[in-house]
Amino acid sequence: MKPWIKRSLIAFTGISIAIGGLAACGSHGHHARGPMSAEKMAEVRGKVIERVTSKLDLNAEQQQKLNVLADKLQAQRTALIGQTTDPRAELGSLVAGEKFDRARALNLIDEKTRVVQVSSPEVITALADFYDSLNPTQQAEVRERMQKRKGWFSRG
């Protein structure tokens, strides 16, 4: 693969992740009232872990690996959000003036890409450790749920 194509694909992936992360942070109803508090985050995390544990019938070792994965994902999310208290306003500030703020947009993408590059290996390791600890039936359940459109965290 030619170097410029490879660089372009990496840049596009980074931009997609950063914009997707910012959009995800700003699109849920609870963000309209500000970022989720640490208490609310802990509550949601507990519910998700409880739900996954019950759906997959996890043993203590598997549940511990799921908790490690949740820790790594939460740390990555926190790092992606960064210091901003309003990711949507930060994204909106790029188009607030008469001209698009290209320098700030590139800086924002660089920040988010660095976070993903640094934290992704830990997240992948934690995910692999959790998935590899599952028995074949549990792994099949994970694959089946991932193929469904709604995914793990849907209601109902």
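The model is predicted, and local features are reported at pLDDT of at least 70, side-chain atom pairs only at pLDDT 80 or more, while totals for chains, interfaces and linings use all residues. Residues are numbered from 1 along each chain as its sequence is written, and side-chain values rest on heavy atoms, without hydrogens or water.

The chain contains six helices and zero strands, where helices (H or I, at least four residues) and strands (E, at least two) are DSSP runs numbered from the N terminus. Along the sequence the pattern is α-α-α-α-α-α. Of the 156 residues, 28% are buried; buried denotes a relative accessible area under 20%, exposed over 50%, and partly exposed the range in between, with a 1.4 Å probe and protein chains only. Among contacts (heavy atoms within 4.5 Å) between residues at least 6 apart in sequence, 67% link residues at least 24 apart.

Helix H2 (residues 38-56) packs against helix H3 (residues 60-81) at an angle of about 145 degrees, and the two axes are 11 Å apart. Axes are lines fitted to C-alpha atoms, for helices over the stretch in contact, and angles between N-to-C directions run from 0 to 180 degrees. The crossing of H2 and H3 is right-handed; a crossing has this hand if the near helix is turned clockwise from the far one by less than a right angle, and is left-handed if anticlockwise. From H2, the residues Met41, Arg45, Ile49, Val52 and Thr53 meet Gln63, Leu66, Asn67, Ala70, Asp71, Gln74 and Arg77 of H3. By class, the residues of this contact are five nonpolar, four polar and three charged. Here Ala, Val, Leu, Ile, Met, Phe, Trp, Tyr, Cys and Pro count as nonpolar, Asp, Glu, Lys and Arg as charged, and the others, Gly among them, as polar. Alanine 70 is in contact with Arg45 and Ile49, its neighbours within four places in sequence being left aside.

The loop between H2 and H3 holds aspartate 57, which is exposed at 63% relative accessibility. Phi of aspartate 57 is near 55 degrees, a positive value in a residue other than glycine. Most residues other than glycine have a negative phi.

The largest nonpolar core has 11 residues: Ile49, Val52, Leu56, Leu58, Leu66, Leu69, Ala70, Ala126, Phe130, Leu134 and Val142. H2, H3 and helix H5 (102-133) are the elements that each give two or more residues to this core. A nonpolar core is a set of buried Ala, Val, Leu, Ile, Met, Phe, Trp, Tyr and Cys residues joined through side-chain atoms within 4.5 Å. In soluble globular proteins, nonpolar side chains tend to be buried together.

Leucine 134, one of the core residues, lies in the loop between H5 and helix H6 (136-147). Leucine 134 is buried, with a relative accessible area of 5%. Apart from residues up to four places away in sequence, leucine 134 touches Leu56, Leu58, Gln62, Gln139 and Val142. The C-alpha atoms of leucine 134 and asparagine 59 are 9.3 Å apart in space, and the two residues are 75 residues apart in sequence.

Helix H5 also contains serine 119, serine 120 and alanine 105. Serine 119 is buried at 12% relative accessible area, and its side chain forms a polar contact of 3.0 Å with that of glutamine 76. A polar contact is a pair of N or O atoms within 3.5 Å; within protein, one must be able to donate a hydrogen and the other to accept it, and residues adjacent in sequence count only if both atoms are side-chain atoms. Serine 120 is buried at 18% and, neighbours within four places in sequence excluded, is in contact with Gln76 and Val115. Alanine 105 is buried at 12% relative accessibility. Residues up to four places away in sequence not being counted, alanine 105 touches Leu94 and Phe100. Between the C-alpha atoms of alanine 105 and glutamate 90, 15 residues apart along the chain, the separation is 9.7 Å.
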